[in-house]
Amino acid sequence: MEISLGKLAFDIDFHPSDNLVAAGLITGHLHLYRYSPHTVPVRLLEVHAHTESCRAARFINGGRALLTGSPDCSILAIDVETGSTIARVDNAHESAVNRLINLTESTVASGDDDGCIKVWDTRERSCCNSFNVHEDYISDITFASDAMKLLATSGDGTLSVCNLRRNTVQARSEFSEDELLSVVLMKNGRKVVCGSQTGIILLYAWGCFKDCSDRFTDLSSNSIDAMLKLDEDRIITGSENGIINLVGILPNRVIQPIAEHSEYPVECLAFSHDRKFLGSIAHDQMLKLWDLDNILPGSRNTQTNESGVIDSDDDEMDVDGNKRKNGHAVGGSNNFFADL
């Protein structure tokens with residue numbers, strides 16, 4: 001299935017239990033579509049969410065609301081049923097909001113263009129932690145829920161680990177000489193896999209974040225802008241050449257290309273709630289929904305475990321003390337969950 005969005009999209013997210021997919025556009029609009037296997041997708045909502053582009057979109061609160069982030073520094077909460085604004089904070093970050101991620105039922109995290117990560121507690125209805133960890137934009141964030149740690153990649157070429165229990169930046173890698181653009185957890189949490197601007201995949205061993213333990217250079221010379229974990233041994237990558245590949249990790253190998261957006265750079269990849277569809281967006285202004293049974297037979301039987309890491313706060317031997325910065329509670333105007 002294909003949906004012509006009409007404009008460049010930066011992010012997509014699937015509803016956690018329904019056949020709905022949201023897309024954030026360069027115009028600042030948010031689109032919401034209902035899809036099904038045998039009918040044409042229907043647009044349910046078109047919301048002018050931001051004065052600048054809509055770079056991030058995430059369903060929250062069991063799919064009842066959508067959060068969006070923008071270079072206008074605001075974060076907006078929208079009612080999924082009506083499209084009406086629930087709440088907005090106009091100074092959520094001091095620079096462009098680039099990433100949003102769900103953490104728990106009551107917390108989300110956001111990352112900005114200055115390298116700051118904030119954690120928002122929906123029960124306390126405010127920003128509860130802020131980690132000024134990177135010197136350049138936050139390109140991707142993933143969450144190790146068992147260990148309560150955020151892992152982030154950045155345009156400054158480093159990987160960071162933020163410990164939410166201790167409210168500290170626990171570890172930060174050495175400069176990789178390349179922008180890091182995407183990150184996933186693999187091998188039941190024992191490996192952290194990062195995609196880079198030059199197409200190299202870097203692997204870090206859990207607890208040894210200072211330097212990568214392995215580098216996979218055979219994929220291509222095109223940037224790996226998006227990665228999605230299929231199972232503990234395989235990832236799906238989206239690159240600037242428009243190719244979506246199935247890649248094996250340890251052993252490292254390109255298994256096969258599975259989809260494409262002609263030669264247009266891929267921006268984002270996501271699974272539908274039932275893992276029946278792989279969603280992808282690219283610079284061709286198309287949202288494509290790939291039937292996984294067709295492109296990867298048997299893939300829906302695989303299981304993912306993004307949180308299966310050792311639950312320990314002692315794996316910080318490689319922390320550079322000069323780079324550690326404590327998280328701190330933030331109050332003031334960062335209070336936009338009051339009505340959620």
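In this predicted model, Lys276 lies over the face of Phe277, at 5.7 Å from the ring centre. Arg275 is likewise placed over the face of Phe271, at 4.4 Å from the ring centre. The ring of Phe277 also belongs to one aromatic cluster with Phe14 and Tyr35.

**Aromatic pairs**

- The structure contains 3 aromatic pairs.
- Phe14 and Tyr35 pair edge-to-face, with 5.8 Å centre to centre and 85 degrees between the planes.
- This pair connects distant parts of the chain, since Phe14 is in strand S2 (residues 9–14) and Tyr35 is in strand S4 (residues 29–36), 21 residues apart.
- Phe14 has a relative accessible area of 6% and therefore counts as buried, the cut-off being under 20%.
- Tyr35, at 3% relative accessibility, is buried as well.
- Trp206 and Phe209 form an edge-to-face pair, at 5.2 Å centre to centre and 85 degrees between the planes; both residues are buried.

**Antiparallel sheet**

- An open sheet of 4 strands runs in the order S22-S23-S24-S25, with antiparallel pairing.
- Its edge strands, S22 (224–229) and S25 (253–260), each pair on one side only.
- On average, neighbouring strands of this sheet are turned by 25 degrees against each other, direction ignored.
- S22 pairs with S23 (residues 234–239) over 5 bridges in the antiparallel sense, and Ala226 has Gly238 in S23 as its bridge partner.

**Model confidence**

- The protein has an average pLDDT of 89, and 87% of the residues score at least 70.
- Residues 316–333 have a pLDDT below 50; in the model this stretch has 38 contacts beyond near neighbours in sequence.

Technical notes: Residues numbered from 1 in each chain as written. Predicted model: local features only at pLDDT ≥ 70, side-chain atom pairs only at ≥ 80, totals over all residues. Heavy atoms only, no water. Pairing = 2+ DSSP bridges. Helix = DSSP H or I, 4+ residues; strand = E, 2+ residues; numbered from the N terminus. Axes fitted to C-alpha atoms, helices over the stretch in contact; angles between N-to-C directions. pLDDT = per-residue confidence, 0-100. Contact = heavy atoms within 4.5 Å. Phe/Tyr/Trp six-rings, centres within 6.5 Å; stacked < 30°, edge-to-face > 60°. Buried < 20%, exposed > 50% of the residue type's maximum accessible area, 1.4 Å probe, protein only. Lys NZ or Arg CZ within 6 Å of the ring centre and 35° of its normal.
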